[in-house]
2 protein chains.
Amino acid sequence: MGKTVYLDYSAGMPTDKRVVEVMLPYFSHEFGNPSSLHAYGGPARTAVETAREQVAKLVGAPDLKYIIFTSGATESNNLAIKGLARKRADKGKHIITSMAEHMSILNVCKALEKEGFKVTYLPIDKEAFVSVKAVEEAIKDDTILVTLGYANGEVGTIQDIKAIGEICQKKKVAFHVDAVPAAGRIPIDVKAEHIDLMTISSNDLYGPKGVGALYVGKGMDIVPLFDGGGQERKFRSGTENVPGIVGMGKAAELAMAEMGAEAKRLMALRDRLIDMVLKAIPASHLNGSRTKRLPQNANMRFSYIEGEALILNLDMVDVCTSTSSACTSKTLEPSHVLRAMGISHEEAHSALLINLGRLTRDEDIDVMIKVLPEIVKRLREMSPLTPKGLYKD
Amino acid sequence: MGKTVYLDYSAGMPTDKRVVEVMLPYFSHEFGNPSSLHAYGGPARTAVETAREQVAKLVGAPDLKYIIFTSGATESNNLAIKGLARKRADKGKHIITSMAEHMSILNVCKALEKEGFKVTYLPIDKEAFVSVKAVEEAIKDDTILVTLGYANGEVGTIQDIKAIGEICQKKKVAFHVDAVPAAGRIPIDVKAEHIDLMTISSNDLYGPKGVGALYVGKGMDIVPLFDGGGQERKFRSGTENVPGIVGMGKAAELAMAEMGAEAKRLMALRDRLIDMVLKAIPASHLNGSRTKRLPQNANMRFSYIEGEALILNLDMVDVCTSTSSACTSKTLEPSHVLRAMGISHEEAHSALLINLGRLTRDEDIDVMIKVLPEIVKRLREMSPLTPKGLYKD
């Protein structure tokens, strides 16, 4: 692909070479089943438990047994929300979430509404923050679960999870957090932040796709999605994906070791990009909070153009970006997150989602700063919406 | 592990080197999200569709779109049975299966009973066959689904799937088949055998763990287990596990190309093992059908001893086997399959599950034929159950 500038780390991430390396023996030699009694079972069992500990450490889980391996973030979100709701249905049927969550939260909530649950979709403010006070006020006697993203995967805004966790603990409501874009990027401590259930994705830690984890904290009981052999504390039956789990463990270990320096590095790259773009392009805006923001995320919009045309034009010069979450990129609707922030339908259509990652270098930002203003200008020249005099030349 | 003789291919299987090789680029370079619009999405999308076609061909699926990728056999069984049952609940709540299915069938049926479904657990005969006539007679007006294994994973017996499929089609009842131990080992044709839904495991094809497929045939509609981004025809949300899917596709292609020769080779090895063991060990028995049997499977029992002691003693001389399915090896109960065949509790405890595989050679069988009679004899000498004069020396 030549010298492609890849700035779409939220859609797909490479598996770190150091991760692939530790996975390989589990394909070819150590292919045992952790449940087997003979010599082949042992190394597989040990490897899975090591990975469990690595993931537990990353998020401050007080015991490795609280980590359940799944097939990824979507499964973890489904397992947490449906599992908790179905388990506690006799105690109440009210769930609280926000309007700006990932589709694997929102569509799960919609599915549960069909099962008779009631869901409150809290609004977000113009920087995508969920109001802590609104969460508190929404909790009623029959509320069993609050489910929110640790940070918004599209606009990068980091919520005040600890404050919400304290409220949930006080009100005895289970608190599920989708930490997919946040885990491994910023410090998370499930204990200190009073999180009961938390979704973690392997690929978002530079681990392999097809594996994820769910933190199922003390006292939490959930109805499994899969019945079968009773693996993973009976919460998730199915033969363990040993190479995948080993890879996720290694990825968690690397993320933990490198998080501080990497966050600092990415924030510097990100801020340079944001500052230069805002300066170079008239009628350009940053979506989401400027300060409480994921280090890797820069979501911007450029009035009067279509984000889709923008990413296709960027693709033609080998720059990969998105308009919004890859999971919803096939629809023609603008991002529900931007709409919930109060951004107009038209303006929401002009968004560009940029996610930096472990392989992003200064040169990539240089390319972006060079090509983006040119492409935006060209597209605006073709757009009937562009006001005269926007460009003063 | 030295020269280990691995005869436990049903518990865990190595991923074929040729499979790992085609997976590797999808970890490091082609890490795109198939849903992305830019250049990185394309190769991932193409790779997933190629794999879908490879799996479709293996089982005679009339269109590649009928193959849905999942995280493995347990998910596929859960998705098929729960998905179909919940979808058709308004048409009827009766399901038919057999007493000898895998735990991911039986425990799913038990979970559905809690949701108000009624399940008929058909008996099996002493060779583990499900009676075609019994299936026909069990179908009532409110029957919505028949779910059976293509072949029994423990005792190797191959069912008359085509005859059962014809009945289901005639009676307009959906037919789900768990083909995990059969797919890739013996020819399967979902169309000719009137199968509506079919579970396939990647690892059982010498593909990677953590990936599987569900054939969802024409006109079949199911309620998804995962809600989210709507991938896989909305039947299975979640970012595609591209390396895993690519690996499963290659494994299916290899299995298809090599199935005939490999089945012949394994049957010769298996039959030599069975014949020699039956001859060398008094009071030894083959469990399951001698003729309609999976090529790789030899399940035997040796009266008066404990299968568990036997596998541990075999392990001490570097021979890996099981007592029954790895998924149930942690329980102390004897195999439910053997019990359903009418074998006594005590005799069922004396079973040894042997599964040959792609790396099994003549020398492995030679070792087994040498060590097994000695170990069985030694264990019997310690057993109070062994009748005097069993060994005439």
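Predicted model: local features only at pLDDT ≥ 70, side-chain atom pairs only at ≥ 80, totals over all residues.
In H8(B), the residues B:Leu269, B:Arg272, B:Leu273, B:Met276, B:Val277 and B:Ala280 meet B:Asp362, B:Ile365, B:Met368, B:Ile369, B:Leu372 and B:Pro373 of H12(B). By class, this contact of H8(B) with H12(B) is made up of 10 nonpolar and two charged residues, with no polar ones.

**Packing of H8 and H12 in chain B**

- The axes of helix H8 (residues 242-280) and helix H12 (residues 362-382) of chain B come within 10 Å and cross at roughly 15°.
- Because angles under 35 degrees count as roughly parallel, H8(B) and H12(B) are described as roughly parallel to each other, and their crossing is right-handed.

**Relation between the two copies**

- Chain A is superposed on chain B by a rotation of 180° with 0.0 Å of shift along its axis, at an RMSD of 0.0 Å, and the two copies are thus related as by a two-fold rotation axis.
- Within chain A, A:Ser71 has the C-alpha nearest the axis, at 3.0 Å from it.

**The interface between chains A and B**

- In this interface, 57 residues of chain A are in contact with 57 residues of chain B.
- On the side of chain A that touches chain B, at least two residues each come from several helices, including H1 (17-23), H4 (73-87) and H8 (242-280), while H5(A) gives the most, with five residues.
- By class, that side of chain A has 25 nonpolar, 25 polar and seven charged residues.
- Of the interface residues of chain A, 100% are also interface residues in chain B, so the copies meet through the same surface.

Note on methods:
Residues numbered from 1 in each chain as written. Chains lettered and ligands numbered in written order. Least-squares fit on C-alpha atoms with pLDDT ≥ 70 in both. Contact = placed C-beta atoms within 7 Å. Helix = DSSP H or I, 4+ residues; strand = E, 2+ residues; numbered from the N terminus. Nonpolar A, V, L, I, M, F, W, Y, C, P; charged D, E, K, R; others polar. Axes fitted to C-alpha atoms, helices over the stretch in contact; angles between N-to-C directions. Parallel < 35°, antiparallel > 145°, perpendicular 65-115°, else oblique. Left-handed = near helix turned anticlockwise from the far one by under 90°.
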